[in-house]
Amino acid sequence: MSDSPLLRPYRRGALDLPNRIAMAPMTRGRADDSTGVPNPLTADYYAQRASAGLIVTEGIYANVLGKGGPGIPGLVDDAQVAGWRKVTDAVHAAGGRIFAQLWHVGRMTHPLILPGGATPLAPSPVRITDAQIFTGQGLKDHVTPRAMTTAEVDATIEDFATEARNALAAGFDGVEIHGANGYLIQQFLAENTNQRTDRYGGSRNNRLRLAVDIVTAVAAEVGAERVGLRISPDNPENQLAEQDPRTTYRTLLDTLNPLGLAYLHVIERGEYPALADLRPRWSNTLIANFNGPTPTTPAAGEKILETGLADLFSFGRLFIANPDLPARFATGAPLNEYARDLVYGGGAEGYTDYPVLQTERV
């Protein structure tokens, strides 16, 4: 597989990558729950995976009220910045490139997770009723979130810009804004979760405003060439319902494309063929991802690159158990299977103890 398109170098703008295999952001829940500082093992975890063309970290909260579960790290104070500096130093020493994913979960949290038992924030007070959420006291029913005031929405935009500045101070090569998977930004995009009547709700352009304003503010703070955006059009995850994803995301891309962002990261899940529809509307780097019931095969990633639907392909679960994934793709070596029950929380087991091949990195 050494001639695979996944293994070809990629250079565009500020991206200078040895291969086209991105490590997708994946929650691991191993930060200090009280401080949000990354676990000391986190530096080893990401450095082990430095042969990826690009690493995107787990979601890192931009505001502690955007924290989505136990052990989620932040990037809002000096201690957290110092903790992440150890991670980026380790990745760069191993020859890697790493972007921080900036995250606010909106209603996808719980008072048991938030400081002082705070009520989760969201565009509108619409509760999730078809699932439970994991807390430090086990699974709990979701609560009805509190609708953010207009001032709180404006402050959240500034929180993302501040987190982006902190990310560069921590040594990250760039940032990815999490606009996918039913979290805060997508909650503003979707009609069923955004019932606002201020400038952030109602019309399509108003529902797009938060995403556009966050991306614009972050790009102004750190440079558009250091900013990526992740989206998941038509993703029903977390009880989200987008009535017209085609028009919504076409409009979003038409607005953001001129900014010259580092990349767009598209998760294809649902009936809408997002990659085929949006690729012609995006003139910069595009990263594709499939979020299916089983890990994506390398052949599926190769097909996307060969057909021109994306420039890079991101793998998630395969990277959990295969720190040297590019080398395994190159040599055709068997892939380790990840331990599902060790994904979230805990220590080194199921985190930094997966075996690597005795071969040079690709």
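Start by selecting α5 (residues 204–222) and α6 (245–256). Their axes come within 10 Å and cross at roughly 40 degrees. That makes α5 oblique to α6, because angles under 35 degrees count as roughly parallel, over 145 as roughly antiparallel, 65 to 115 as roughly perpendicular and the rest as oblique. The axes are lines fitted to C-alpha atoms, for helices over the stretch in contact, with angles from 0 to 180 degrees between N-to-C directions. Helices (H or I, at least four residues) and strands (E, at least two) are DSSP runs, numbered from the N terminus.

This is a predicted model: local features need pLDDT of at least 70, side-chain atom pairs count only at pLDDT 80 or more, and totals for chains, interfaces and linings use all residues. Residues are numbered from 1 along each chain as its sequence is written, and side-chain values use heavy atoms, without hydrogens or water.

Stay on this pair. Show side chains next. From α5, pick Arg204, Asn205, Arg207, Leu208, Ala211, Val212 and Val215. They meet Thr247, Thr248, Thr251, Leu252, Thr255 and Leu256 in α6. Contact means heavy atoms within 4.5 Å. By class, this contact has six nonpolar, five polar and two charged residues. Here Ala, Val, Leu, Ile, Met, Phe, Trp, Tyr, Cys and Pro are nonpolar, Asp, Glu, Lys and Arg charged, and the others, Gly among them, polar.

α3 passes α5 in a right-handed crossing. On α3, select Val153, Ile157, Phe160, Ala161, Ala164, Arg165 and Leu168. On α5, the partners are Leu210, Asp213, Ile214, Ala217, Val218, Glu221 and Val222. The α3–α5 contact has eleven nonpolar, no polar and three charged residues.

Move to the loop between β11 (227–231) and α6. Asp234 sits there. Its phi is positive, about 65 degrees, although Asp234 is not a glycine. Gln239 lies in this loop too, with a positive phi near 55 degrees.

Finally, zoom out to residues 6–336. An unreviewed UniProt entry lists them as "domain: NADH:flavin oxidoreductase/NADH oxidase N-terminal". The end C-alpha atoms of this span lie 19 Å apart. The span is 32% helix and 19% strand.

Key: A crossing is left-handed if the near helix is turned anticlockwise from the far one by less than a right angle, and right-handed if clockwise. UniProt positions are given in the numbering used here, feature names are shortened, and annotations may be inferred rather than shown by experiment.
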